[in-house]
Amino acid sequence: MNEREIVRKIKEYENKISDLSDEKNHLINVIDELDTSRISIRARKENMEGVFCNRVASFEKLSVYRSRGVTKISEKMKEYNSIYSSSSYVWKAIQTIQNLIDDINRNVEKRMDRVSEIDSYIQRYEEKIRILKQKKARMEG
């Protein structure tokens, strides 16, 4: 391998490192955006859980009335608004939100895996560049 080929290879590896670094920076920005979304969604979920727990508690206060109609309505409303009852629309909404958070977590993991992969490629190219530079220095010296 002559000196020109070595210089060409070094440039090629440096370009690959640059491209991989750009991809890595893009992935890190996407991960940051996903993290921000995840934090916002979790906060909204917790807020929603609090609202509905308070709502169920207010329906429980109605149970002091011994009237059958009020008691039945109170029980139904507690069931519909419960975050723990699988027949509740609130529980279903919370499960949907949790699934969204889980999807975000999986997407973050995939992107983090790719970032790790990129880091290993960059290290390999840097090692190849180091070896080629040593070879070039020997040829010149």
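Visitor: Which helix has the highest confidence in the chain?
Guide: The model is predicted, and the mean pLDDT of the chain is 86, with 81% of residues at 70 or more. Confidence is lowest in helix α2 (residues 68–81), where the mean is 66. At a mean of 93, the highest value belongs to helix α3 (residues 89–140).

Visitor: In what order do the elements of the chain run from the N terminus on?
Guide: The chain holds three helices and zero strands. Read from the N terminus, the order of elements is α-α-α.

Visitor: What share of the contacts with a separation of 6 or more joins residues 24 or more positions apart?
Guide: A contact here requires heavy atoms within 4.5 Å. Among contacts in the chain with a separation of 6 or more, residues 24 or more positions apart account for 73%.

Visitor: Is R38 buried or exposed?
Guide: R38 is located in helix α1 (residues 3–61). Leaving aside residues up to four places away in sequence, R38 touches I101, I104, N105 and V108. The cut-off for burial is under 20% relative accessible area. R38 has a relative accessibility of 14%, and therefore counts as buried.

Visitor: What percentage of the 141 residues in the chain is buried?
Guide: The accessible surface of the chain is about 10000 Å², and carbon and sulfur atoms contribute 51% of that surface. Of the 141 residues, the buried share is 24%.

Visitor: How far apart are the closest N and O atoms of R114 and E117?
Guide: R114 is partly exposed, because its relative accessible area is 24%. E117 also counts as partly exposed, at 35% relative accessibility. The two residues form a salt bridge, and the separation of their closest N and O atoms is 2.7 Å.

Visitor: How many salt bridges are found in the whole structure?
Guide: Those described include the pair R8 and E12 and the pair R114 and E117. A search of the whole structure gives a total of nine.

Technical notes. Residues numbered from 1 in each chain as written. Predicted model: local features only at pLDDT ≥ 70, side-chain atom pairs only at ≥ 80, totals over all residues. Heavy atoms only, no water. pLDDT = per-residue confidence, 0-100. Helix = DSSP H or I, 4+ residues; strand = E, 2+ residues; numbered from the N terminus. Buried < 20%, exposed > 50% of the residue type's maximum accessible area, 1.4 Å probe, protein only. Areas by Shrake-Rupley, 256 points an atom, 1.4 Å probe, with all protein chains shown as cover. Salt bridge = Lys/Arg side-chain N within 4 Å of Asp/Glu carboxyl O.
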